[in-house]
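This briefing is meant to be read alongside the sequence and the coordinates.

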2 protein chains.
Amino acid sequence: MENARLAQKGELKLLKKVRERFKACSDDKRVIVGIGDDAAVIAPADKKIVVTTDMMNEGVHFDLNYTSAIQLGFKLISVNISDIMSMGCVPKFIFLDLGFTSEADEELFDGIYDGIEKAIGFYGGDLLGGDLCSSRSDTILVATVIGEGDSVVYRKGAAPGDRIYVTSSTGDSGCGLKILKMLDDTSREMVRKQPVFAGPDEDKGKELRLLTPDGPVRLDWDKGIKLIMRQLTPVARDSKDIAPLATAMLDISDGLFLDLGRMCDESGVGAVLYEERIPMSQELMDVCQRLGMDPFQLAVSGGEDYELLFAARSFPLDIYNSSHEIKVSCIGEITDGERAVIDRAGRRSPLKAAGYEHFGS
Amino acid sequence: MENARLAQKGELKLLKKVRERFKACSDDKRVIVGIGDDAAVIAPADKKIVVTTDMMNEGVHFDLNYTSAIQLGFKLISVNISDIMSMGCVPKFIFLDLGFTSEADEELFDGIYDGIEKAIGFYGGDLLGGDLCSSRSDTILVATVIGEGDSVVYRKGAAPGDRIYVTSSTGDSGCGLKILKMLDDTSREMVRKQPVFAGPDEDKGKELRLLTPDGPVRLDWDKGIKLIMRQLTPVARDSKDIAPLATAMLDISDGLFLDLGRMCDESGVGAVLYEERIPMSQELMDVCQRLGMDPFQLAVSGGEDYELLFAARSFPLDIYNSSHEIKVSCIGEITDGERAVIDRAGRRSPLKAAGYEHFGS
């Protein structure tokens, strides 16, 4: 297979390729001009506009030895769309700023667009433009997503007496990152070959080989890969049936405790969480036991969960969970007091947030 | 003066600082939420929405030895707003993705925001959000600007018989870049100290010292600095009184010839340009003569001019130019034939575009 370096292709040819590829995707009548003019042009609608943007930098947010280009492209869109979903809105228009080094090849370039296309196919929305540049040292990925909604759910709005809910489970992604960093070369390559939506069966019988500080460890493939893919290809949660009932909502990107703190800050309220109610996957618990890690620490401050954290006066858990694949759990209440967590023994302690911080000392 | 490295401050403190700074700027009643939630929220309007985004990477688009942080922040906004203006629209909402290395200090951080604030003060618009990240090796700057307009002007729409117009003059910025690269250390530092809107008088009597392949050259400060500042702090041209008459328009970012080619491609037309009509500043001609450079080559393919290039059935040049500081020139006509340029001797030759291309071979 020919795999030319981008330097041999030239920007204009690459742009043309992208334009051809995404031109056919749009069936949104409101898109007047997509890729190809100085700016994209969109007809007005009588809905609120929500805008978010996220940057992913090589060596900081990702390492191309640990993720495939397609996984990375999918994640770039997911993390942005998660921010739109967490406002209770629908993603509509997507813009990309991509920087590639002169060493980058078409496999990387095409792979990232494959992942982006996969994500857009899954979530909806149209790629309408962006910028394609050289970068001196690192691959740089930025996406901006414009969403729309009639009613928007903010971080503020939670009131004492509301209950606190979270989708699915937290900690998997943080644990997945820890596993990823310990994989041997063979396992790492197997992970990089995983498609965005990996079926659990196709690699039956395989195992993940880890190089831990205490020596080599073999991990059940199914369990390990589930956690790893939560890190490499997180899926933004659909908020359609949650938003109408939520008084406040955000997505958990920096850890449950830290992001709950943000909701409390913006809403001017306190909160109490119950340790035993914080949902953790069986895979997280099994793998943590195998590797001697604390699953609860990962669940409350692992980061990159991209689960929805919301408050609601009441939420019909049974009805919702019987009709949705992604379940919701009630983990605590909004109060007018301090932020606290109550452990399994009933002991109360202050909620201390410890999430990931850029430029942290 | 304390100039802490960003690593000592932490992302949350830095974000808080940005939020405080730009919170007061907005008096746009349509901004429901700016910085501080998962996404910005804007109330709908019955206008078309235009969106553009541009990336500027250290070592590719800028060199911090040659530009100050404030100049750079201003340019980041200018180049994006130029794309909005060239659609005949008004810039409204601005989003930033900034990546700083662990070596970056507050002087760089604050300087970039100073320049951004200066630009927003000049052009209008509100900073509503973005992302602030670590970057492994380089400073990475991305801005996304959302504009609005009732009628939008595209690259397509030019028809045979239309005349071709350009604002101000081209080539200054390309020449400015060439000068910049030859400055000695002292002159370079003087340039980095120039405010975004430098008065021509305050450095009267100074000179720029260049190290050329043929030895040292001294350049008149006023002339040289004007060209350099067109490169470091370009000013997007206001299209308010042009757009209603333009059949097609774009901003010249990659060279007059290349960008005219884009208009022709999109409009499905040809064009003829007259060499003698292409506006060149006195400074460009004087400096090129002094340095043995070809001003015409810079004017037609220098790049980063950020002048408006537009076609119009007719345009009241005299009236427009008598009431606007930035003048407009007619440089040719749209045809249904080939793209050609006619030189001062009346000889016709094919118009060959040679602008800057990323990943160019």
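In chain B, strand E8 (residues 207-212) and strand E9 (residues 215-220) run antiparallel and are joined by six bridges, where helices (H or I, at least four residues) and strands (E, at least two) are DSSP runs numbered from the N terminus, and two strands pair if DSSP finds at least two bridges between them. This is a predicted model, in which local features need pLDDT of at least 70 and side-chain atom pairs count only at pLDDT 80 or more, while totals for chains, interfaces and linings use all residues. Residues are numbered from 1 along each chain as its sequence is written, chains are lettered from A and ligands numbered from 1 in the order in which they are written, and side-chain values use heavy atoms, with hydrogens and water left out.

**Strand pairing**
- The hairpin that joins E8(B) to E9(B) passes through two residues, and within this pairing B:Leu211 stands opposite B:Pro216 in E9(B).
- Between the chains, E3(A) is joined by three bridges to strand E2 (residues 40-42) of chain B, the two running antiparallel, and A:Val50 stands opposite B:Val41 in E2(B).

**The interface between chain A and chain B**
- The contact (heavy atoms within 4.5 Å) takes 73 residues from chain A and 72 residues from chain B.
- About 5,800 Å² is buried between chain A and chain B, 57% of it on carbon and sulfur atoms; buried area is the accessible area (1.4 Å probe) that two parts lose on being put together, summed over both.
- Nine salt bridges are counted between chain A and chain B, each being a side-chain nitrogen of Lys or Arg within 4 Å of a carboxyl oxygen of Asp or Glu.
- One of these pairs is A:Glu266 with B:Arg19, whose closest N and O atoms are 3.3 Å apart.
- On the side of chain A that touches chain B, strand E3 (residues 48-57) of chain A provides the largest share, nine residues.
- By class, that side of chain A has 33 nonpolar, 19 polar and 21 charged residues, with Ala, Val, Leu, Ile, Met, Phe, Trp, Tyr, Cys and Pro taken as nonpolar, Asp, Glu, Lys and Arg as charged, and the others, Gly among them, as polar.

- The same surface serves both copies, since 99% of the contact residues of chain A recur in chain B.

**Salt bridges and contacts within chain A**
- Over all chains, a search of the whole structure finds 59 salt bridges.
- A:Arg344 and A:Glu275 meet through their side chains in a salt bridge (3.7 Å, N to O).
- This pair links distant parts of the chain, 69 residues apart: A:Arg344 is in the loop between strand E14 (339-342) and strand E15 (348-350) of chain A, and A:Glu275 is in the loop between strand E11 (270-274) and helix H9 (282-291) of chain A.
- A:Val90 lies in strand E4 (residues 90-100) of chain A and, not counting residues up to four places away in sequence, touches A:Ile84, A:Gly147 and A:Glu148.
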